[in-house]
Amino acid sequence: MADTRNGNPPFGRLMTAMITPFTDEGEVDFAKAAELAKNLVEAGNDGLIITGTTGEGPTLTEDEKLELYRVTKRAVGNASIVAGTGNYNTAESIHLTREAERCGVDGFLLVVPYYNNPPQEGLYQHFKAIANVTSLPCILYNVPPRSPRNLEANTLRRLAEIDNIVGVKEASGKLEQFNAVMSAVPDDFLVYSGNDSDTHTVMSLGGYGVISVSSHLVAGRTKQMINLLADGRTAEAAQIHLELLPLVDALFWQPNPMPVKAALNELGFKVGTPRLPLVDLTESEKDRLRAVLANHQFDAFLNRERMAVKA
């Protein structure tokens, strides 16, 4: 895909879907969120998705979400903060999108509605209605494993005609869906891999980048892979892909973000445990995760935390 849509692309190639840190009492730790956001950008991320799936958006209050947008945007400066404001309720999604824009975010992530399972025309009208209340760029999020409905390529083609719908996070995990999407959308539409394990495939087909979970830990190495793919050096990128794959797999042994939160805690960057209905990993699961972590090098801020814990 080309690197422009109505001028320069609004977001970079590597974005982390950031976790939401909690205190031991289960409250949002806004100071830790700001610290993590700053560290992730310094590690190589071009921007962050806040209050998405990985950020446990469904269990956060509106006030918590809006404050997260404010504190992370202040922390990252010119890097992009994309607010996950979509849900299964169109009116609520419109309201949160308007409020988030007032917080200074740079764009929005709009997930395919879950639970109520709308048809394709419902998806089209839902996304169009949200996009129409903002001038900021919107990325759609297709994640059939978490919502029963797939955003079909023909529907995405129609939505791509809306000026400020600029991209899609494609997390179906299906090659036939990737192929259909790449064939359907304009050359300047940003197609992001929604699964770390699919980044090499999606970008080799012409995709733009990845909205990542593993980049909480290995943003630098992931950025190297993405740059190689953008340059067409797929064989070199494949070496990094295969190197990182055991870590990527480990981060999805249990529902996201349970493993990545446990990994950050193990590496000394304390982010608390997930909110119910998600739970912390069991001790046996943590032992299994530790064995994988021992085989990898991590971004500088985590290496500092790790050394501090050992000291």
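How many strands make up the closed barrel, and in what order do they run? I started my notebook with that, keeping in mind that this is a predicted model.

**Entry one: the barrel.** I found a closed barrel of 8 strands, and the order reads E1-E2-E3-E4-E5-E6-E7-E8, with parallel pairing. I then looked up the twist, which averages 25° from one strand to the next.

I picked out E3 (residues 80-84) and E4 (residues 107-111), which pair in the parallel sense over 3 bridges. For Val-82, I noted Gly-107 in E4 as the bridge partner.

Next I turned to helix H6 (residues 175-184), which lies across E5, E6 and E7 (190-193). I wrote down about 170° for the angle at which H6 runs to E6.

I asked myself which helices each supply at least two residues of the lining of the largest cavity. They are H8 (215-230) and H9 (234-250). The structure holds 1 cavity of 30 Å³ or more, and about 80 Å³ of space lies in the largest cavity. H9 gives the largest share of the lining, 5 residues. Among the lining residues I listed Asp-196, Ser-214, Thr-222, Met-225, His-241 and Val-248. By type, I counted the lining as 5 nonpolar, 5 polar and 1 charged.

Definitions and conventions
Residues are numbered from 1 along each chain as its sequence is written. This is a predicted model: local features need pLDDT of at least 70, side-chain atom pairs count only at pLDDT 80 or more; totals for chains, interfaces and linings use all residues. Side-chain values use heavy atoms; hydrogens and water are left out. On a 1 Å grid over the protein atoms alone, a cavity is a set of points where a 1.4 Å probe fits but cannot get out, and a pocket is an open set with protein on both sides within 12 Å along at least five of seven lines; lining residues have an atom within 4 Å of a point. Grid points are joined across faces, edges and corners, and a volume is the space filled by probe spheres set on the points. Helices (H or I, at least four residues) and strands (E, at least two) are DSSP runs, numbered from the N terminus. Ala, Val, Leu, Ile, Met, Phe, Trp, Tyr, Cys and Pro count as nonpolar, Asp, Glu, Lys and Arg as charged, and the others, Gly among them, as polar. Two strands pair if DSSP finds at least two bridges between them. Axes are lines fitted to C-alpha atoms, for helices over the stretch in contact, and angles run from 0 to 180 degrees between N-to-C directions. Contact means heavy atoms within 4.5 Å.
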